[in-house]
Amino acid sequence: LVRGPSQDLPVLMGAALFVLLIACANVANLLLAKAAGRRHEMAVRAALGAGRARLLRQLLVESIVLALLAGLVGILLAVWVLRALTRVLPPELAAIFGPIPVDLRVLAFTLAVSVLTGVIFGVTPGLRVSRLDLHQALKQGGRSPAGASGGVRMRGGLVIAEIALCLVLLAGASVMLRTFLAATRTDPGFDPRNVLTMQVSLPRARYPKPERVRTFFRQALPHLEALPGSRSAALASTLPFAGGGPGRPFEIVGQPSAGAVGRPSAQVVVVTEDYFRTLGFPLRRGRLFGIRDNETAAPVAIVTESFVRRFLPDQEPLGQRLRLAPAAGSQTVPEIVGVTGDLKAVGVNPEAAPPLIYVPYWQNTSPDVYVCLRAASDPMHLATEARAAIHSVDKDQPVSDLRTMEQVRARAFTVPRILTAFTAGFGLLALVLAVMGLYGLMSYSVAQRAHEMGIRTALGATRRDLLRLVLRRGAVLTFSGLLIGLVGAVVLTRVLRGMLFGVPAFHPGLLAGVSGLLLLVGLCASYFPARRAAAVDPAVALRWE
């Protein structure tokens with residue numbers, strides 16, 4: 001998905017990296033627990049004459065084989081997931097991203113990280129052999145008390161890191177989700193309700209000259225407006241939110257020229273006179289296009305408020321002339337006759353409206369246009385009649401891409417919606433991994449402290465005391481991770497400040513909610529091992545070796 005054209009992709013890649021780090025921490029925790037369980041084995045091997053290099057070689061081979069096998073399974077799973085993802089992607093998103101192949105560079109990076117994690121934490125027992133008290137280790141038998149293992153603090157630190165990373169990722173995902181929801185609820189700058197759109201592309205073989213193209217649409221528009229339930233109809237070179245290609249360079253006549261390289265640019269939209277009424281764009285100053293703005297009249301233009309703010313902040317826009325870069329072999333110098341409201345862009349910040357220049361269709365005729373038809377009620381009820389109205393002018397003329405304007409706007413949010421869903425999915429995956437890590441650590445700790453639990457019970461400790469003892473350990477790890485994660489979450493939201501819309505960069509309620517969720521699941525992950533510890537039979541625990 002990295003090739004996708006979205007500003008949310010760095011966030012998605014960061015979320016994937018966070019999940020990778022949490023997964024590596026989980027793997028490290030499991031390997032350290034396994035190493036602690038083999039402490040007696042390492043001591044026996046060392047006592048029988050195995051040197052440090054031989055132990056390291058054995059553990060290194062085991063770790064590499066384990067990591068490679070896991071990597072192979074991961075590659076097969078990745079191929080399956082990508083194929084499934086390609087099948088479930090919406091058509092418009094599949095058209096944007098194209099086929100999603102397995103990226104060998106990404107696989108090589110993740111495999112290298114996995115192998116490195118396995119090697120580093122898999123050879124830990126061999127590195128500690130030189131500092132191992134063989135007499136004490138052999139005397140303890142197969143038992144490795146929690147206090148005897150030097151890896152306890154490291155495993156606890158890894159769990160703390162997992163919880164902290166999970167909090168940061170969940171906070172970031174929550175902020176991006178709120179931003180997306182705020183963007184979808186933003187006023188787009190016009191009224192997209194009850195508007196039907198369709199694309200008409202006249203064949204150039206049949207309509208080779210602009211005069212014939214104008215004649216066709218001058219006959220078609222009255223038929224569309226005369227449909228029962230139709231209020232107005234208009235043409236446009238592009239639809240709002242559908243993208244209009246790169247901006248067209250221009251100069252403001254009378255202002256110093258910036259040269260060919262430094263000239264500003266803005267998207268030029270070709271529309272008929274009823275376009276603003278059909279879509280509901282408000283007129284702020286001046287006038288709209290009229291019937292008199294035809295191919296024989298002087299060229300005129302209407303600009304948006306964002307255009308005025310950016311290029312004419314301290315000047316009167318009405319009456320200014322724009323020298324547009326040549327298009328289709330001709331250069332025009334239209335006069336600004338009106339200013340309309342902005343079209344709110346779809347993106348990280350919909351308030352960052354693009355500067356637009358509207359020019360009359362009859363002065364800039366094109367055979368490829370979109371037809372916009374405002375209806376009194378559900379516009380899809382006019383789809384058949386609208387197609388028939390076009391066919392009444394030319395029965396062989398195809399009509400394509402019939403959609404409502406609300407569908408056009410919803411399609412524009414498809415990529416942000418999918419990427420936001422992926423980011424939220426990564427957050428939930430991180431939560432599952434962090435819970436698994438905490439649960440695994442607490443279960444292992446309970447198993448290692450079974451002898452201690454039996455002694456405590458024999459000395460009078462109640463079931464509640466043992467439950468509180470284990471829960472306290474889980475609470476300390478969870479709180480420590482939350483404290484570190486809160487600092488990281490605050491830093492992350494400040495980094496994402498430029499990508500946020502409709503939500504503050506620092507949201508105490510959001511952070512409190514995410515922290516409360518993590519605390520709840522952390523305590524739940526600690527509760528079941530704690531309940532198992534409280535049910536320890538003292539007689540069995542005291543005989544445990």
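Residues are numbered from 1 along each chain as its sequence is written, and side-chain values use heavy atoms, with hydrogens and water left out. Because the model is predicted, local features need pLDDT of at least 70 and side-chain atom pairs count only at pLDDT 80 or more, while totals for chains, interfaces and linings use all residues.

The protein has 19 helices and 11 strands, taken as DSSP runs numbered from the N terminus (helices: H or I, at least four residues; strands: E, at least two). Of its 545 residues, 46% are buried, meaning under 20% relative accessible area with a 1.4 Å probe, protein chains only. Contacts are heavy atoms within 4.5 Å; of those between residues at least 6 apart in sequence, 83% join residues at least 24 apart.

The largest nonpolar core holds 44 residues. Such a core is a set of buried Ala, Val, Leu, Ile, Met, Phe, Trp, Tyr and Cys residues joined through side-chain atoms within 4.5 Å. Val-200, Phe-217, Leu-224, Phe-250, Phe-307, Leu-322 and Ile-357 touch the most other members. Helix H9 (residues 210-225) gives the most to this core, with six residues. Leaving aside residues up to four places away in sequence, Val-200 has contacts that include Phe-216, Phe-217, Ile-390 and Val-399. A second, separate core of 33 residues includes Ile-22, Leu-466, Val-521 and Ala-525.

Glu-162 lies in helix H8 (residues 152-184) and is buried, with a relative accessible area of 0%. Beyond residues up to four places away in sequence, Glu-162 touches Ile-22, Ala-25, Asn-26, Asn-29, Leu-433, Ala-434 and Gly-437.

Two packed helices are described by the angle between their axes and the distance between the axes. Axes are lines fitted to C-alpha atoms, for helices over the stretch in contact, and angles run from 0 to 180 degrees between N-to-C directions.

| Helix pair | Angle | Axis distance |
|---|---|---|
| H9 and H13 (residues 383-393) | about 145° | 9 Å |
| H15 (residues 414-448) and H17 (residues 463-495) | about 145° | 11 Å |

In the H9 and H13 pair, Phe-216, Gln-219, Ala-220, His-223 and Leu-224 of H9 meet Ala-386, Ala-389, Ile-390, Ser-392 and Val-393 of H13. In the H15 and H17 pair, Leu-438, Leu-441, Met-442 and Val-446 of H15 meet Val-470, Arg-473, Gly-474, Leu-477 and Thr-478 of H17.

Technical notes
Buried means under 20% relative accessible area, exposed over 50%, partly exposed in between (1.4 Å probe, protein chains only).
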